[in-house]
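Me: I would like to learn how to read a model one feature at a time. Can we start once it is on screen?

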Amino acid sequence: MCYTHIPIPAGLVPPMCFCGDPCKMEMSDEEETFRRRYWMCANWAFDPLEKAVMIGTIEPPPLCDFEEWIDMEVKEKNREWFNELRDWNVKINAGIAARKKEEEQRNERIAEEKRRAAAKRKAERKVKLARARRAKAALQENPDALRKGKWPHCTQ
Ligand SMILES: [Zn+2]
């Protein structure tokens with residue numbers, strides 16, 4: 001269950017949980033019971049790592065399963081609030097998905113450009129290699145060309 005810690009209002013006496021200790025007050029974050037307050041066991045089932053407590057990530061489960069609702073139904077304004085939050089999340093997620101798709105398309109374009117450039121270089125190398133072979137062959141046919149300061153002529 002998701003919950004949010006809230007301070008106990010003055011005048012409200014927490015009941016005892018099954019452990020025999022005063023309960024803490026929590027508030028539901030779930031749709032069906034959004035922002036309904038309830039009592040629950042204030043003891044932890046185990047000691048959390050100090051680091052987890054510091055960054056507020058891990059909350060160990062309660063030692064006993066005592067739970068008692070304080071608010072018996074979801075307030076209308078909280079129901080509206082939940083719907084707003086949900087709509088907002090839908091919008092945010094749609095935005096994230098759109099940006100992700102854009103980035104994927106951009107990466108695909110870049111990859112395609114790289115493939116094309118590599119293919120072009122390969123084709124150019126092939127042409128240059130053929131030209132070099134022809135030049136070498138021409139030189140072998142006419143070894144005096146270099147000495148006479150005459151470069152072997154090659155077509156294309
Ligand atoms: Zn308890």
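Me: How many of the 66 residues of α2 are buried?
Reply: First, the general idea. A residue is buried if 20 or more other C-beta atoms lie within 10 Å of its own. Now the case here, in a predicted model. The number buried in α2 is 0, so the helix lies largely in the open.

Me: What span does helix α2 reach from its first C-alpha to its last?
Reply: Take 1.5 Å a residue and compare the end-to-end distance with the expected one. Helix α2 covers residues 76–141 and reaches 98 Å. That is close to the 98 Å expected.

Me: How far apart are N83 and E31, in sequence and in space?
Reply: Read the two separations side by side. N83 and E31 are 52 residues apart in sequence. C-alpha to C-alpha, they are 8.8 Å apart in space.

Me: What share of the protein's residues count as buried?
Reply: Apply the burial count to the whole chain. Of 156 residues, 4% count as buried.

Me: What share of the contacts join residues at least 24 apart?
Reply: Start from contacts between residues at least 6 apart in sequence. In this protein, 40% of them join residues at least 24 apart.

Me: What pattern does the protein follow along the sequence?
Reply: List helices and strands in order. The protein has 3 helices and 4 strands. The pattern is β-β-β-α-β-α-α.

Me: How many bridges join β2 to β3, and do they run parallel or antiparallel?
Reply: Look at the bridges, then the direction. β2 and β3 are joined by 4 bridges and run antiparallel. As one example, M27 stands opposite R37 in β3.

Me: How many bridges join β3 to β4?
Reply: There are 3, and these two strands also run antiparallel. Strand β4 comprises residues 67–69. In β4, E67 is the bridge partner of M40.

Me: Where does R35 lie?
Reply: R35 sits in the loop between β2 (24–28) and β3 (37–40).

Me: Why does R35 count as partly exposed?
Reply: Return to the neighbour count. R35 has 18 C-beta neighbours inside 10 Å, so it counts as partly exposed.

Notes:
Residues numbered from 1 in each chain as written. Predicted model: local features only at pLDDT ≥ 70, side-chain atom pairs only at ≥ 80, totals over all residues. Buried ≥ 20, exposed ≤ 12 C-beta atoms within 10 Å, placed from the backbone. Contact = placed C-beta atoms within 7 Å. Expected span 1.5 Å × (residues − 1). Pairing = 2+ DSSP bridges.
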